[in-house]
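Student: Could you take me on a close look at a single part of this model, and then show me how that part sits in the rest of the chain? I would enjoy one connected walk-through.

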Amino acid sequence: MPRTTTLECPGCPSLRALTFDALGLIKVIEAKGSQGGAPRVVERWGELDSSKCVLAASINDREDDPLLAVARKTGMIEVLSAINGDICFTVSNANEDGPRPEDDAVVGLHLFAGQKLGLTSRSCTLLTCTTKGNTSMRSIEVTDSPAGSASIGSSNTWSVCSSGNILCSKVDGSENYAIFGGKGVEMNMWDLDNCSKIWAAKSPPKNSLDIFTPTWFTSSTFLSKDDHRKVVAGTNSHQVHLYDISAQRRPVISFDFRETPIKSVTEDLDGYTVYVGNGSGDLASFDMRTGKLLGCFLGKCSGSIRSIARHPELPVIASCGLDSYLRFWDIKTRQLLSAVFLKQHLTNVVFDSNFADEEVKPSVAADLPLNAEQIANEMEIRDEEETLPLKRKKASKEEERRKKKKATKENEGNKEASKENNGSKKKVSKENEGSKKLKSKKSKRSKCEIHDES
């Protein structure tokens, strides 16, 4: 049976997250402080269709008009508004001469926040990578037509592997470098401005039994957003590797985590902590300076973790996976803050950091001095409230029990008192009967004496 947590969830701060699932739905989850920090689904975008499964997602988290890019199983890439879910434009990633989208699915997607390839404010840049290693970076110009069409501008296309399958890719914080890896593909880094490879990892040596373990990377990330030289990668053999491209081609630090494949790796804002999730639902944080386990997150997920997202401002991370739960965790205490059941298998989760909780604020007029009429009205209302009868509060269960016990005791005391009174009455009646008998005897004796004298 799957292991689940029985810990109490204190709730999470005000935040907004977007999840993507295997049936093509995009769900918006919000937690508001005015509602006690309980997250709930507020919007659902799309229709149930397994052929439109979301394979990858990326968000351009800006204050004005944030955009969201979604890669689907059909080979279509949608760019939509992260506020209301309206589709801005749709681009096909499939080529006429290339393989079908089912055979060459999109595994990596990045929506650039900065301007690339000489773009204007009405355009954006998309980086896509497929399992066969076909990578393309395209600039897309958004038109003003009501249909929301777009024209593809300049584009660059290249291959990041000659054999094997790409399973993970990641773009660094400066958006100048990207890493790729997969099954039979060593981790390699590319310069996106020149579309050239600048580093590639070296295959691991054979073990003591002269057995070679084939390369199988499942997830990757940059350790710091400001430094592209350090890369963290998770493998199918439940190992976590730290690469430093300025030092060597083989891992600088390597360690095992449990006994199932690593499925997701995400970096923290401090530049040395990473969060690791595996196929059995374990979630933990590591210090990559020493490779030390900082601790496992309290509570157990009952399915494989497929995505971990770090909130850019709050000390919160979100995880989702095949158990259909979206969970929010406190990174300081590693405690589960809240969990939301979303029915479908989840593939990805992202945060919207510009979300603000719209709470009712006191008006400025409340702090202004009141005039004489307002004061008189307030005095009348207070007098009426004082004269109104107070409602009695309902007694609690304990008070009712106490009252019942007290009533039963009083009834028992009354019964005993009535018994005593009955006994005393009987005693008094007996004494009265005896006194009457004595009087009758005395009267008889006096009569006999009178007869004798006569």
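Tutor: Happy to! Let's start at Trp 190, which is buried, with a relative accessible area of 9%. Please keep in mind throughout that this is a predicted model.

What is the ring of Trp 190 paired with? Its partner is Trp 158: the two ring centres are 6.3 Å apart and the planes meet at 35 degrees, so the pair is classed as tilted. A pair of aromatic rings is described by the distance of the centres and the angle of the planes, so both values belong in the description. The angle falls between the limits of 30 degrees for stacked and 60 degrees for edge-to-face, which is why the word is tilted. Trp 158 is in strand S11 (residues 150-159), while Trp 190 is in strand S14 (residues 185-191), so the pair ties together parts that are 32 residues apart in sequence. Trp 158 is buried as well, because its relative accessible area of 10% is under the 20% cut-off. A search of the whole structure gives nine aromatic pairs.

Strand S14 belongs to an open sheet of four strands, ordered S12-S13-S14-S15 and paired in antiparallel fashion. Strand S12 (165-171) and strand S15 (196-200) are the edges, each pairing on one side only. On average, neighbouring strands of this sheet are turned by 30 degrees against each other, direction ignored. If you zoom in on S14 and S15, you will find four bridges joining these antiparallel strands. Which residue of S15 is the bridge partner of Trp 190? That place is taken by Lys 197.

Trp 199, Phe 217 and Tyr 243 come together in one aromatic cluster. There are also charged residues placed over rings: Lys 183 lies over the face of Trp 216, at 4.3 Å from the ring centre, and Arg 289 lies over the face of Tyr 272, at 3.7 Å from the ring centre.

For contrast, let's turn to Val 41, in strand S3 (residues 40-45). Val 41 counts as partly exposed, because its relative accessibility is 37%. Setting aside neighbours within four places in sequence, Val 41 is in contact with Lys 27, Val 28, Ile 29, Val 340 and Leu 342.

Strand S26 (residues 325-330) and strand S27 (residues 336-341) pair in the antiparallel sense over five bridges. Within this pairing, Leu 326 stands opposite Val 340 in S27. Five residues lie between the two strands of the hairpin, and Arg 334 takes a positive phi near 55 degrees there.

Finally, let's step back to the chain as a whole. It has two helices and 28 strands, and 40% of its 454 residues count as buried. Among the contacts with a separation of 6 or more, 46% join residues 24 or more positions apart. The chain exposes about 26600 Å², of which carbon and sulfur atoms supply 49%.

Terms used
Residues are numbered from 1 along each chain as its sequence is written. This is a predicted model: local features need pLDDT of at least 70, side-chain atom pairs count only at pLDDT 80 or more; totals for chains, interfaces and linings use all residues. Side-chain values use heavy atoms; hydrogens and water are left out. Buried means under 20% relative accessible area, exposed over 50%, partly exposed in between (1.4 Å probe, protein chains only). Contact means heavy atoms within 4.5 Å. Rings of Phe, Tyr and Trp (its six-membered ring) pair if their centres lie within 6.5 Å; planes under 30 degrees apart count as stacked, over 60 as edge-to-face and the rest as tilted. A charge sits over a ring if NZ of Lys or CZ of Arg is within 6 Å of the ring centre and within 35 degrees of the ring normal. Two strands pair if DSSP finds at least two bridges between them. Axes are lines fitted to C-alpha atoms, for helices over the stretch in contact, and angles run from 0 to 180 degrees between N-to-C directions. Accessible areas come from the Shrake-Rupley method with a 1.4 Å probe; for residues, only the protein chains shown count as cover.
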